[in-house]
Amino acid sequence: MSLTHLSLGDFRNIEALSFEPSPDINIIYGANGSGKTSLLEAIYFLSHGKSFRTNKHKILIRHEQSRCIVHAKKQIHNLSIPVGISKDNAGETKLKIQGQSSRKMSELAQLIPVQVITPESYELFFGGPKERRKFLDLGVFHVEHAFFNAWRNFNKILKQRNALLKSRPSNYAEQIKYWDKEYVRLAEEINIHRKTYISRFEALFFDKIVCQIPIFSGLELRYDAGWKDCLASQLEQQFERDVKLGYTSKGPHKADFSFYSEGYGVENILSRGQLKLLLYALKVAQNSLIESETDKQSILLIDDLPSELGEETMQSVSALLALCQSQLFITAITAESISAVVEPMQRSCSMFHVKHGSLITK
Ligand SMILES: Nc1ncnc2c1ncn2[C@@H]1O[C@H](COP(=O)(O)OP(=O)(O)O)[C@@H](O)[C@H]1O
Ligand SMILES: [Mg+2]
């Protein structure tokens, strides 16, 4: 159910590298600049078709090379499925699944659920809604199978609607009215998928996580669909404003969620350490839900785990990580620095030492 083989070619500072990860815990350690984050980035790239640290695809390709490649074998029950992705300097992506070319990133994403935690991830609670929607929709995508089509079709209509609002051809108001029926239908479908997912997520979060970390017991999740009450009448009410803005201000593309504790947003009431822990809890709950709903082992990438975490937080992180069956890839400068997290989990562990873009297996 895990990635059983990984090979990278011309990815960042890694010229060529191949290894067999453990289905449980993989610790990637090495000095700064050795290529640890790049290795996690390659696994993320395999599932998302992009990086978690840049939107510039060219930077993923090793200097002076023309394309980067990531290959892997994914074990699903007793099937070993070879998958691969490459990207060239012109930005063209090529995908392969079981020897067949594919044009759909969603097929690859579906096979390999990957989430990442970096030292900056807790900014999820402070930044704009885009990152929170991305987090939510990753879970919805894996668990609610009809979501992706609805979301894709909705985005086509949204694009069209926004183009009409911007360019305003002579009959734009009628054209928009014509499309709004489908816009509303798909928006409501997306909203139902998200709400269904959130109710499952909440059940798991409060059953499984809160008993481990009691400080989360008073937390409340509030979901905002991106509009209130009746979307059709909101679109009508907002029409003049949307024309002025040149885009659509109500719909599922504006959805958001936030956590509250005793009536306050968590970002105003929890400490940085507690927010980091909450972030771990959310990612673990999400992976755990994907695993129980889809029978697929998901992957959790944790970059630079020990950075700034106190001893107590390390123990709580360990207790949280023990709650999911995910294949873990954890980076740190030294393997010892994360033994307090890894040892109590009692899962098998492989160590990989990265040096100048190459791996030394122990
Ligand atoms: N496209 C690239 N080609 C070659 N080297 C790169 C490229 N992008 C980044 N690097 C280099 O790769 C090295 C490894 O980076 P990184 O994976 O962030 O290291 P670590 O996480 O181990 O500190 C850095 O020294 C960086 O300068
Ligand atoms: Mg790094």
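Biologist: How many salt bridges does the structure hold?

Modeller: The model is a predicted one, and side-chain atom pairs count only at pLDDT 80 or more. Side chains of opposite charge can pair when their charged atoms come close. In this structure the number of salt bridges is 15.

Biologist: In the salt bridge between Glu 41 and Arg 53, which parts of the chain are linked, and how many residues apart are they?

Modeller: The two side chains meet at 3.2 Å, N to O, which lies within the 4 Å limit for a salt bridge. Glu 41 belongs to helix α1, whereas Arg 53 is in the loop between α1 and β4 (67–76). The pair thus links distant parts of the chain, with a separation of 12 residues.

Biologist: Which residues does the domain assignment give to domain 1 and which to domain 2?

Modeller: Domain 1 is made of two segments, 1–113 and 299–362.

Biologist: What area do domain 1 and domain 2 bury between them?

Modeller: The contact involves 25 residues of domain 1 and 23 residues of domain 2. Carbon and sulfur atoms account for 65% of the buried area. The total buried between the two domains is about 2000 Å².

Biologist: Which three residues supply more than any other three of the area that domain 1 buries against domain 2?

Modeller: Together these three residues supply 30% of the area on the domain 1 side. They are Gln 110, Leu 320 and Leu 323.

Biologist: Which element gives the most residues to the side of domain 1 that touches domain 2?

Modeller: The elements that give two or more residues to this side are α1 (36–48), α2 (105–111), β12 (299–302) and α9 (311–321). The residues of this side comprise 15 nonpolar, 9 polar and 1 charged. The element that gives the most, with 6 residues, is α9.

Biologist: Which residue in the turn between β5 and β6 has a positive phi?

Modeller: Strand β5 (residues 79–88) pairs with strand β6 (residues 93–97) in the antiparallel sense over 5 bridges, and Gly 84 is opposite Lys 96 in β6. The two strands form a hairpin with 4 residues between them. The residue with a positive phi, of about 95 degrees, is Gly 91.

Biologist: Which residue in the turn between β6 and β7 has a positive phi?

Modeller: β6 and strand β7 (residues 100–102) run antiparallel and are joined by 3 bridges; Ile 97 faces Gln 100 in β7. The hairpin has 2 residues between its strands. The residue with a positive phi, of about 50 degrees, is Gln 98.

Biologist: In the open sheet of 3 strands, which are the edge strands?

Modeller: The order of the sheet is β9-β10-β11, with antiparallel pairing. β9 and strand β10 (residues 256–261) share 6 bridges, and Leu 221 has Phe 259 in β10 as its bridge partner. The strands that pair on one side only are β9 (219–224) and β11 (264–265).

Notes. Residues are numbered from 1 along each chain as its sequence is written. Chains are lettered from A and ligands numbered from 1 in the order in which they are written. This is a predicted model: local features need pLDDT of at least 70, side-chain atom pairs count only at pLDDT 80 or more; totals for chains, interfaces and linings use all residues. Side-chain values use heavy atoms; hydrogens and water are left out. Domain bounds come from an automatic or database domain assignment. Contact means heavy atoms within 4.5 Å. Buried area is the accessible area (1.4 Å probe) that two parts lose on being put together, summed over both. Ala, Val, Leu, Ile, Met, Phe, Trp, Tyr, Cys and Pro count as nonpolar, Asp, Glu, Lys and Arg as charged, and the others, Gly among them, as polar. Two strands pair if DSSP finds at least two bridges between them.
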